[in-house]
Protein chains: 2
Amino acid sequence: MPLPKTEIPGRLQQLMSERGVRMTEQRRAILSVIETAKKHLDASQILRRAQRVDESVDRSTVYRTLNLLKRHGLIDELDLMHLGGEGHYYERKMSRDHIHMACLRCGKITEFESELFESLKDQMESECRFKIVVARLEIGGYCTVCRK
Amino acid sequence: MPLPKTEIPGRLQQLMSERGVRMTEQRRAILSVIETAKKHLDASQILRRAQRVDESVDRSTVYRTLNLLKRHGLIDELDLMHLGGEGHYYERKMSRDHIHMACLRCGKITEFESELFESLKDQMESECRFKIVVARLEIGGYCTVCRK
DNA sequence: TTAAGTGCAAATATTTTGCTGTCAC
DNA sequence: GTGACAGCAAAATATTTGCACTTAA
């Protein structure tokens, strides 16, 4: 017999609880959508998916929850070169920053991690005496297939 | 006696003409605003300033011109961590990419260039076989003054 | 001349907010 | 019990588009 949903919190839900954030059915639905997403989702996609878990979730609750997660530094907000409209895309913040490369022709998003990126951030922190909280590197160009 | 405006084209105007883009009073006004801006401007600010040069400039013409400049790769579009709303900021594309650091406390924008950034892009191009057209690195954090 | 560009108004898209009722703790 | 959160509707903000008129080349 499966455990009730409230007893299998994902990592995001756990982190929020640790910070004393009140957990609701709606937030649980939204967090699980973000947690299990295999691609970058925008607010409307998150809304639609969250409603499949909890019918009652409202668009404004999605935005309020996204803002909450941003403030807590638990998600990253991306533009992905606005390949699909003017809105933003969201993803769980990973321990190590990664770079997003968007193909301007086929729309494919490639992710990339690099030690050089880490060094660059170190350089900025020391040379500019700037304390980095969030770093976002987005690239537009042509992928392996489309550059030919 | 000063030359008429049409005879002192800025660099942007020159680049557009070279590409066979038709030049109008309105575009000249918008281009000169972008060209001479000392800080990053959003669409509304560009509109307001362009109207000081040519009263008739319409908001939609500003957006159409910004899209044109983006397509030609002559301007960069920035979020600047959305410190002042959900819109975008624009600036002339410089020969060398620069990084934007936005202070989450005082809002100050610091620009930074780095050889390491150039190396990182080289690495992406070779390791991912990705042809970079536009690169945008934006940082949020605390500046020298505010980090104290 | 004429294809491209413009203003205007309206549509669309995205995000926020005020309010009142509800629920997690 | 009560302060934080929810839905709902409306507002606010940001950007695009259709159309008839104008203009650069």
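Good morning. The model is predicted, so local features need pLDDT of at least 70 and side-chain atom pairs count only at pLDDT 80 or more, whereas totals for chains, interfaces and linings use all residues. Residues are numbered from 1 along each chain as its sequence is written, chains are lettered from A and ligands numbered from 1 in the order in which they are written, and side-chain values use heavy atoms, without hydrogens and water.

Let me begin with helix α4 of chain A, residues 59-71. Helices are DSSP runs of H or I with at least four residues, and strands are runs of E with at least two, numbered from the N terminus. The 13 residues of α4(A) reach 19 Å from first C-alpha to last, close to the 18 Å expected; that expected span is 1.5 Å times one less than the number of residues.

Which residues of α4(A) are buried? They are V62(A), T65(A), L66(A), L68(A) and L69(A). They lie on the same side of α4(A), because they cover an arc of only 160 degrees around the axis, taken from the directions from the axis to the C-beta atoms. Buried means under 20% relative accessible area, exposed over 50%, and partly exposed in between, with a 1.4 Å probe and protein chains only. The face turned away from the buried side carries the exposed R64(A) and R71(A).

I turn now to I34(A), in helix α2 of chain A. I34(A) counts as buried because its relative accessibility is 7%.
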